[in-house]
Amino acid sequence: MTRSANYARAFQMHRAALMDLYEQLPEDQGTFSAWEGGMNFMAQADHLSVSATRFLSMIQGQAPALAPEPSQTLTEARGRLWDTNELALAAISALTDDDLARRVPAFGGREMPVTALLDMIITHEAHHKGQVWVMARMVGVKPPMFVKMG
């Protein structure tokens, strides 16, 4: 397996678990937040969708696009997770060893290795997956324990 395939698999492990959990969330819980001012389920999904595309833009040497308007429904937020999942997997899988060895401007011009940005995408997914897991438990949804990998 190539290095980029390993990164794609690690990303997919976390994103697939999130998508499985989001499938179980009732539509009427989309605005649930674990604390006042915290991100709700819809905002968490939007945040992960936008973050993944922004990290990938940096890796590809492009300016990150502006964030779209917030999702109005949980269904819309789920759709964004699905769409950015496919985009992220394709972009990560397409990286060559030469790409992985590059340094790119990120976060205001600071140069970073592409691999560091990939690690950040994956740890960011894991961090928010944990938050969503706890929130799901708070509304009575039991997160799936095993994720089917393709």
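This is a predicted model: local features need pLDDT of at least 70, side-chain atom pairs count only at pLDDT 80 or more; totals for chains, interfaces and linings use all residues.

Reader: How many helices and strands is that?

Author: The protein chain has 5 helices and 2 strands. Its radius of gyration is 16 Å, close to the 15 Å that the globule rule gives for 150 residues, so the chain is as compact as a globular protein of that length.

Reader: What box do the C-alpha atoms fill?

Author: Along the principal axes, the C-alpha atoms fill a box of roughly 45 × 35 × 20 Å.

Reader: And what share of the residues counts as buried?

Author: Of the 150 residues, 43% count as buried. The protein chain exposes about 8100 Å², and 57% of that area is supplied by carbon and sulfur atoms.

Reader: Among contacts between residues at least 6 apart in sequence, what share joins residues at least 24 apart?

Author: That share is 72% in the protein chain.

Reader: Turning to charge, how many positive and negative side chains are there?

Author: There are 13 positive and 16 negative side chains. The centres of the two sets lie 6 Å apart.

Reader: Let us move to the strands. How do β1 and β2 run relative to each other, parallel or antiparallel?

Author: Strand β1 (residues 103–106) and strand β2 (residues 110–113) run antiparallel and are joined by 4 bridges. Within this pairing, arginine 103 is opposite proline 113 in β2. The two strands form a hairpin, with 3 residues between them.

Reader: Which side chains of β1 are buried?

Author: The side chains alternate along β1.

Reader: What is the phi of phenylalanine 107?

Author: Its phi is near 50°, a positive value in a residue other than glycine. Phenylalanine 107 is located in the loop between β1 and β2.

Reader: Now the helices. Where is aspartate 46, and is it buried or exposed?

Author: Aspartate 46 is in helix α2, which covers residues 41–59. Its relative accessibility is 9%, and because buried means under 20%, aspartate 46 counts as buried.

Reader: Which residues does aspartate 46 touch, leaving out those up to four places away in sequence?

Author: With those left out, aspartate 46 touches Pro70, Ser71, Ala77 and Arg80.

Reader: And what of serine 57: which helix holds it?

Author: Serine 57 is also in helix α2. It has a relative accessible area of 11% and is buried. Not counting residues up to four places away in sequence, serine 57 touches Gln62, Ala63 and Pro64.

Reader: Finally, what separates the C-alpha atoms of serine 57 and arginine 102?

Author: Those C-alpha atoms are separated by 14 Å, with serine 57 and arginine 102 lying 45 residues apart along the chain.

Notes
Residues are numbered from 1 along each chain as its sequence is written. Side-chain values use heavy atoms; hydrogens and water are left out. The radius of gyration is taken over C-alpha atoms; the globule rule is 2.2 Å times the number of residues to the power 0.38. Buried means under 20% relative accessible area, exposed over 50%, partly exposed in between (1.4 Å probe, protein chains only). Contact means heavy atoms within 4.5 Å. Accessible areas come from the Shrake-Rupley method with a 1.4 Å probe; for residues, only the protein chains shown count as cover. Lys and Arg count as positive and Asp and Glu as negative; His and the chain ends are not counted. The place of a charge is taken as NZ of Lys, CZ of Arg, CG of Asp or CD of Glu. Two strands pair if DSSP finds at least two bridges between them.
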